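Here is a short tour to read with the model open beside you. Take the topics in any order you like.

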Amino acid sequence: MSTTSGSQKDATGDSTGLDLIPDRLPVAVAEEVLEAERRNWTPAKIALWAGISLVGAVSWVMLAVVRGETVNAAWFVFAAVATYLIAYRFYSRFIEKHLLRPDDRRATPAEYKADGKDYAVTDRRVLFGHHFAAIAGAGPLVGPVLAAQMGYLPGTIWIIVGVILAGAVQDYLILFFSMRRGGRSLGQMARDELGVIGGTAALVATLVIMVIIVAILALVVVNALAESPWGVFSVSMTIPIALLMGVYLRFFRPGKVTEVSIIGFVLLIAAIIGGGMIAGTEWGAAFFHLDKVTIAWGIIIYGFIAAILPVWLLLAPRDYLSTFMKIGTILMLAVAIVIVRPEITVPAVSEFAATGGPVVSGSLFPFLFVTIACGALSGFHALIASGTTPKLVQKERQTRFIGYGGMLMESFVAIMALVAALSIDRGIYFAMNSPVALTGGTVEGAVAFVNSLGLTGVNLTPDMLTQTAQNVGEESIVSRTGGAPTLSVGLAHIMQQVAGGTGMMAFWYHFAIMFEALFILTAVDAGTRVARFMLQDSLGNFFPKFKDTSWRTGAWLATAVMVGAWGAVLLMGVTDPLGGINTLFPLFGIANQLLAAIALAVCMAIVAKRGNFRYLWIVALPLAFAAVVTIYASFLKIFSTVPAVGYFAQNRAFSEALAAGETSFGAAPTVQAMEAVVRNTMVQGLLSILFVTLAIIVIVTAIVATWKAYRSGSNTTDEDAAVQSRIFGPAAFVPTRAEKELEVQWDAQAAELKAALPPKPARSGR
Amino acid sequence: MRAVLAAVRSGARGIAWFVRGVLGEDAYDKYVAHHAATHGGAEAGACGIGEPVMTEREFWRDQTDRQQKNPQNRCC
């Protein structure tokens, strides 16, 4: 090991020619000073960390060991927060020290490529919020709800342990590596590190995965809005509201983003309240009462138009609104959970953990780990962490707070979603989340089905279902699959205890539906655009004209192809006789985790190339886990002989029934429905094969690259050349004492320079 | 009492600063500051040194045009 550690010093040590004090003031606190601060364990600091550890330990004991009738939601919050703090302080610091070794004497792309637009130094706290708003969406809200079927403990452990060892590590590493490469994208890094084959496979995989993710997110919205006049009205209203905001910002008051967001927010609330009134009228209920297929077509048409409209008109304002709602609602939910502290009656590990149940088919391993993707490990984040964020980071050390810390925050959102889903009655949970194929879509059918499951402590009555439906202002809550309605009932249940009582439940329910639909539609719009550019870029290799992204025919054509692709998957899910979510959601999770495996494979190749084999396990561990889980889950989906789990087993069962001349089989009441099942399972099976093949190619090329680096004792890197930094900024949210002292000096220098300049003329830009 | 009021005021200012930053409202200010630092100030641009500074309206149009050419993903 002595040779490698010797060579590491050359790679990042003082041969770089960077100065700590290039001008008058140091651009970083010296490493020795920071280390001394860290090592200085004062009694107060020891007491603090002992306290955090104690709270964490007690909370985990309450969750995992003590078996009472109920468990209080506060323990989830305490266990999560205490564990996050310890992981952030110790594990992310360990990664920083041994694996990444940031150097604050080095300028970030935001500094050395500064153009005042795309590359601009951004305050770390603001960038944290910005990054969080870009990574967090509907994913962490939906997955944990479905996984609640297995009991509260498996999901909680995976969300918390998974984020610490996998999800946050991936986000941190990708952000850091992309920053060191001038903000290069994941696709470019894959090509640099893995060569043409690995790079191309990664690119194709990313494109296909984006299509699947957009389709399944859209499916969640369709399921939440079907047969819900109130939801349809209020979510449709987000479109004119966004258009209005866009026009306001373009022509009326450019740049007044907060102002227009507040206006938009007020209009949104009005749309929710108005939706309730309109759904109460006869014509409103009739006009906005749409079935799933109609809504799916609506979203497909919307997706196409939204992706070709100018950004300023729809996407940008919708994005402001979505950011505003996201941060506000998540804070509100956190406060509400702490105030209400609901009692949770769901067992720690449920009857369905071993065998699978009506919500998620298949056993806990591997399906828990693909059902909860976002919140624990989300490959999609690698696209964000190698997108805008690395171009805005002020100082290298801040990537730990933004990358690792930002993902911990998303994990916390997932924990809250889990708590919200767990806080509703278990009978209602299963009535809402079992597909129509099992409940028949009626109250009586749902009651009979749920009670036949023989769950301890569950005694569902028709009254409970009709009463809940009435409270949330919906016709029915039976088989409202997809996670969003369940989360909304949970959120409404918690929020009404803080504000408004049962009379306000309908408002809170539709507020939550609106909030999720808003994120998802933004993701659909942005995802379609990004996919379109990727497609045009690839097509451009064969037909150069496509490279010109302002060529309108090409843009429309590429958009139509992408919308057609996700639209087809969406329609397949919507019309699936077996219930779209439970057959398609595993594909979403597998796709997302495969992307994570690809991102981690790229990270591993980079670390290996740097010659840092001693700490390679930091990347190899989550990569191995993600690879095993997704490849195993894919193999089960492809090869399992259990029809509920294996796509081709299901396909065979229905084909044989058709061949035998049967006119109804399982959940399919007609020959047409049987044919639909045969078609859908074939498509889903082929998609599984495609995903797993691409992922295996990428992982194998990464292992080959790693092995080559090991054999040759590699110590190279594709990083951009180091540039001297001339600015300073503290690393984490709260500056250390030494950082604060230095910050004061920098502030004083800035004030001095400002005073030395002639008074600024009135701003010309008016 | 006065101290409490001052604390509330500075807290509110902090929140407003944060919200502005996260929503990206300060983009134009950052651009102008960058331009002043690298091109020698707004008026210098008009004198032909470097590119002239964009007005607020121009800047925001330019920003959405750039987003149009280089769309950013939003996560799930």
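The largest cavity is lined by 16 residues, and A:Leu249, A:Arg250, A:Trp312, B:Trp60 and B:Thr64 are the ones nearest its centre. Two or more lining residues come from each of α10 and α14 of chain A and α4 (56-69) of chain B. This is a predicted model, in which local features need pLDDT of at least 70 and side-chain atom pairs count only at pLDDT 80 or more, while totals for chains, interfaces and linings use all residues. Residues are numbered from 1 along each chain as its sequence is written, chains are lettered from A and ligands numbered from 1 in the order in which they are written, and side-chain values use heavy atoms, with hydrogens and water left out.

**Cavities**

- A cavity here is a set of points, on a 1 Å grid over the protein atoms alone, where a 1.4 Å probe fits but cannot get out; lining residues have an atom within 4 Å of a point.
- Nine cavities of 30 Å³ or more are counted by this rule.
- The largest cavity has a volume of about 160 Å³, where volume means the space filled by probe spheres set on grid points that are joined across faces, edges and corners.
- Which element gives the largest share of that lining? It is α4(B), with five residues.
- By residue class, the lining of the largest cavity holds nine nonpolar, four polar and three charged residues.
- For these classes, Ala, Val, Leu, Ile, Met, Phe, Trp, Tyr, Cys and Pro count as nonpolar, Asp, Glu, Lys and Arg as charged, and the others, Gly among them, as polar.

- A pocket, unlike a cavity, is an open set of points with protein on both sides within 12 Å along at least five of seven lines.

**Rings and charges**

- Rings of Phe, Tyr and Trp (its six-membered ring) pair if their centres lie within 6.5 Å; planes under 30 degrees apart count as stacked, over 60 as edge-to-face and the rest as tilted.
- By this rule there are 41 aromatic pairs over all chains.
- A:Phe176 and A:Phe177 make an edge-to-face pair, 6.1 Å centre to centre with 70° between the planes.
- A:Phe176 is buried at 0% relative accessible area, and A:Phe177 is buried at 0% too.
- Buried means under 20% relative accessible area, exposed over 50%, and partly exposed in between (1.4 Å probe, protein chains only).
- A:Trp158, A:Phe365, A:Phe369, A:Phe625 and A:Tyr632 are linked by ring pairs into a cluster.
- A:Lys637 lies over the face of A:Tyr647, at 4.9 Å from the ring centre.
- A charge sits over a ring if NZ of Lys or CZ of Arg is within 6 Å of the ring centre and within 35 degrees of the ring normal.

**Backbone details**

- Most residues other than glycine have a negative phi, and most peptide bonds are trans.
- A cis peptide bond, with omega about 5°, joins A:Phe365 and A:Pro366.
- A:Pro366 belongs to helix α15 (residues 364-371) of chain A.
- A:Glu227 has a positive phi near 55° and sits in the loop between α9 (186-225) and α10 (229-252) of chain A.
- A:Glu227 is partly exposed, at 35% relative accessible area.
- A:Arg341 also shows a positive phi, about 45°, in the loop between α14 and β2 (343-344) of chain A.
- A:Arg341 is partly exposed, at 43%.

**Chain B and A:Gly139**

- Chain B has four helices and zero strands.
- Helices (H or I, at least four residues) and strands (E, at least two) are DSSP runs, numbered from the N terminus.
- Of the 76 residues in chain B, 36% are buried.
- A:Gly139, in helix α7 (residues 139-147) of chain A, is buried at 4% relative accessible area.
- Leaving out residues up to four places away in sequence, A:Gly139 touches A:Pro144, A:Cys374 and B:Cys76, contact meaning heavy atoms within 4.5 Å.
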